[in-house]
Amino acid sequence: MKESFVFDYINENEFKKLERSLKKYNMLAYKKLYFEYYPSLKEGNFLGELVSTNQNNGSRTYELKLPTDIMFSKVHGDIKLHYHVYEKDNTVMLDTITPEDILTEGHQSELVTYKGVMVSKQHSEKDLFKINLLNMIQK
């Protein structure tokens, strides 16, 4: 029987906050992550792009792009899961979900949307400008 991998966290509290914010604001990405990607990682099928390999501690670092709306991706960037794999210990170390700034802000307070895209309270003018510019380009 193939041994399964165990999840561990670099900072569990912060990661869970990002995960809850992802669930609230992007359900599609959360469902894919929770019901497809996590079980695959536990089975040892490492998804995403291999970013780096560390020979000293026997780890590999991956970035897994999660599905998201095109407008969100253009305004805030792609949603990515960052994780490390330790083959010897059968451990997947979950690092973070990016973009951290908008997800952390979404966890701390309710975010508003403009034309279907989350708008940061800290960078609201910048986000509104990007959304309006992208809408004008599409026309």
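Does Asn90 count as buried or exposed, and what is its relative accessibility?

Modeller: Happy to. Please keep in mind that this is a predicted model. Asn90 counts as buried, because its relative accessibility is 18% and the cut-off for buried is under 20%. Asn90 is found in the loop between strand 4 and strand 5. Its backbone deserves a look as well: phi is positive, about 50 degrees, although Asn90 is not a glycine.

Let us step on to Thr91, which is in strand 5. Thr91 counts as buried too, because its relative accessibility is 15% and buried means under 20%. A polar atom of the Thr91 side chain lies 3.1 Å from the backbone oxygen of Asp89. Leaving aside neighbours within four places in sequence, Thr91 is in contact with Phe5, Val6 and Asp8, and also with His84, Val85 and Tyr86.

His84 takes us to another threonine. The side chains of His84 and Thr61 are joined by a polar contact of 2.9 Å. Thr61 is in strand 3 and is buried, because its relative accessible area is 16%, with the cut-off at under 20%. Not counting residues up to four places away in sequence, Thr61 touches Glu49, Leu50, Val51 and Ser52, together with Tyr83 and His84. Thr61 and Leu94 are 33 residues apart along the chain, and their C-alpha atoms are separated by 10.0 Å.

The 17 residues of helix 2 (residues 27-43) should span 24 Å at 1.5 Å a residue, and the end C-alpha atoms are 23 Å apart, which agrees. Helix 2 bends by about 35 degrees at Leu33. Leu33 is also one of its buried residues, along with Ala29, Tyr30, Tyr37, Tyr38, Ser40 and Leu41. As a rule, an α-helix has 3.6 residues a turn, so residues three or four places apart point the same way. The buried residues of helix 2 pack against strand 1 (6-9), helix 1 (12-25), strand 3 (59-66), strand 4 (79-86) and strand 5 (91-98). After the helix comes Gly44, with a positive phi near 100 degrees.

The C-alpha atoms of Glu43 and Glu3, 40 residues apart along the chain, are separated by 7.7 Å. Glu3 is in the segment before strand 1 and counts as exposed, because its relative accessibility is 58% and exposed means over 50%.

At the other end of strand 5, have a look at the loop between strand 5 and helix 4, where Pro99 lies. The peptide bond joining Thr98 and Pro99 is cis, with omega about 5 degrees.

Finally, the view of the whole chain. The protein has five helices and seven strands, and along the sequence they follow the pattern β-α-α-β-β-α-β-β-α-β-β-α. The C-alpha atoms fill a box of roughly 55 × 30 × 30 Å, taken along the principal axes. Of the 139 residues, 40% count as buried. Among contacts between residues at least 6 apart in sequence, 50% join residues at least 24 apart. The accessible surface comes to about 8500 Å², and 50% of that belongs to carbon and sulfur atoms.

Key:
Residues are numbered from 1 along each chain as its sequence is written. This is a predicted model: local features need pLDDT of at least 70, side-chain atom pairs count only at pLDDT 80 or more; totals for chains, interfaces and linings use all residues. Side-chain values use heavy atoms; hydrogens and water are left out. Helices (H or I, at least four residues) and strands (E, at least two) are DSSP runs, numbered from the N terminus. The expected span of a helix is 1.5 Å times one less than its number of residues. The bend at a residue is the angle between axes fitted to the seven residues ending there and the seven starting there. Buried means under 20% relative accessible area, exposed over 50%, partly exposed in between (1.4 Å probe, protein chains only). Contact means heavy atoms within 4.5 Å. A polar contact is a pair of N or O atoms within 3.5 Å; within protein, one must be able to donate a hydrogen and the other to accept it, and residues adjacent in sequence count only if both atoms are side-chain atoms. Accessible areas come from the Shrake-Rupley method with a 1.4 Å probe; for residues, only the protein chains shown count as cover.
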